[in-house]
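Colleague: Hi! I have a new structure open and would like to walk through it with you. Could you help me read it?

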Amino acid sequence: MMRLVIVLLIALAVVYAFRLRRRERTATGESRRFERRATLAGLRFWSRLPEDLRDRLASRVDDFIARVPYTGAGGLVIDDRMRVHIAAQACLVTLGHDDWPFDPLHGITLHPDEFIVHQELEDEDTGVVTEGYETLSGQAIESDRIVLSWRDVLDSEARDDGYNVVIHEVTHFLESAHPGGDPAAHAALEAAHAELCRAIDRGEETLLDPYGAEDPTEFLAVAAEFFFERPHELRTRHPTLYVVLRDSFRLDPASWTDLNT
Ligand SMILES: [Zn+2]
């Protein structure tokens, strides 16, 4: 009889400990979600997002952080706030699409500041290859990895000036990971790229960063930065380009209302 009581007491203790741990795990998950939501609410674009897109973004950010590993470089220790800042902007770019586009992405590498990479550059006219080093704030290594400078991530968020390294590199990643798309959209983007090149040749002041004249791939990444950061100006100055990007991203940021203004 005594033995039975002891066995029962042990069984009850095990069940109690198991329940307690499960409750702690749930509480940790909830408090982390709460903290992430608070971090999201502090991001510049959050106040402009419609309510349904906020909910979708918060859920995608959790998925992104669960599925994409982050690596700190140069001694940088990654925390959850950093993960949220980057995941939120990466997921903002893809928010209009229902499918999950980040499967090919094997990781984010985060440096404290700008980083130096070894590059081989081929001269298009002569074919001569030169080797050298370049200082970068972001880099998409095909569809495999996105490398970012944390200082530039923060700089991007400080102003809506059309500079956003996360949106820029995520756009490169998407183009590399999911090539193809609507031929009419490609033609429109190439026409807009050519227009930017001509405006720069004429010495005109351009809305888009002249770096976008480099080639159509850079043009798309630069145009995406303006599409999300300065949508009203982009729609006014380049209405055709705005519509092409709106239909490609399936988002209409110029229609979002800033609740803080
Ligand atoms: Zn680029």
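Colleague: Let's start with two helices: at what angle do α3 and α5 pack?

Modeller: α3 and α5 pack at an angle of about 50°, and their axes are 9 Å apart. Axes here are lines fitted to C-alpha atoms, for helices over the stretch in contact, and angles run from 0 to 180 degrees between N-to-C directions. Before we go on, this is a predicted model, where local features need pLDDT of at least 70, side-chain atom pairs count only at pLDDT 80 or more, and totals for chains, interfaces and linings use all residues. Residues are numbered from 1 along each chain as its sequence is written.

Colleague: And what do we call the way α3 and α5 lie to each other?

Modeller: α3 and α5 are oblique to each other. Angles under 35 degrees count as roughly parallel, over 145 as roughly antiparallel, 65 to 115 as roughly perpendicular and the rest as oblique. α3 passes α5 in a right-handed crossing. A crossing is left-handed if the near helix is turned anticlockwise from the far one by less than a right angle, and right-handed if clockwise.

Colleague: Which residues make that contact?

Modeller: From α3 there are I86, Q89, A90 and V93, and from α5 there are V166, I167, V170 and T171. Two residues are in contact if their C-beta atoms, placed from the backbone, lie within 7 Å.

Colleague: How many helices and strands are there in the protein?

Modeller: The protein has 9 helices and 6 strands. Helices (H or I, at least four residues) and strands (E, at least two) are DSSP runs, numbered from the N terminus.

Colleague: At what angle do α2 and α3 cross?

Modeller: Roughly 120°, and the axes of α2 and α3 come within 9 Å. α2 passes α3 in a right-handed crossing. There, residues of α2 including L57 and F64 meet residues of α3 including V84 and L92.

Colleague: What about α6 and α9: is their crossing left-handed or right-handed?

Modeller: The α6 and α9 crossing is left-handed. Their axes come within 10 Å and cross at roughly 145°. A185, A188, L189 and A192 of α6 meet T240, L241, V244, D247 and S248 of α9.

Colleague: New topic! Which residues touch the most other members of the largest nonpolar core?

Modeller: L148, A223 and A224 do, in a core of 50 residues. A nonpolar core is a set of buried Ala, Val, Leu, Ile, Met, Phe, Trp, Tyr and Cys residues joined through C-beta atoms within 7 Å. Among the elements that give two or more residues to this core are α2 (51-67), β2 (107-111), β6 (145-149) and α7 (216-229). The core also draws at least three residues from each of domain 1 (29-179) and domain 2 (180-256). Those domain bounds come from an automatic or database domain assignment.

Colleague: Which residues does A223 touch?

Modeller: Not counting residues up to four places away in sequence, A223 touches L208, G212, L241 and L245.

Colleague: You said "buried". What share of the protein counts as buried?

Modeller: Of the 261 residues, 30% count as buried. A residue is buried if 20 or more other C-beta atoms lie within 10 Å of its own, exposed if 12 or fewer, and partly exposed in between, with C-beta atoms placed from the backbone.

Colleague: Then why does W150 count as buried?

Modeller: W150 counts as buried because it has 21 C-beta neighbours inside 10 Å. W150 lies in helix α4 (residues 150-158). Leaving out residues up to four places away in sequence, W150 touches L76, M82, L110, H111 and P112.

Colleague: And is E142 buried or exposed?

Modeller: E142 is exposed, because 10 other C-beta atoms lie within 10 Å. E142 sits in the loop between β5 (138-141) and β6. Its phi is near 45°, a positive value in a residue other than glycine.

Colleague: Where is R250 found?

Modeller: R250 is in the segment after α9. Phi of R250 is near 55°, again a positive value in a residue other than glycine. R250 is exposed, with 11 other C-beta atoms within 10 Å.

Colleague: Last one: which residues is T217 in contact with?

Modeller: Leaving aside neighbours within four places in sequence, T217 is in contact with H172 and E175. T217 is in helix α7, and T217 is partly exposed, with 15 other C-beta atoms within 10 Å.
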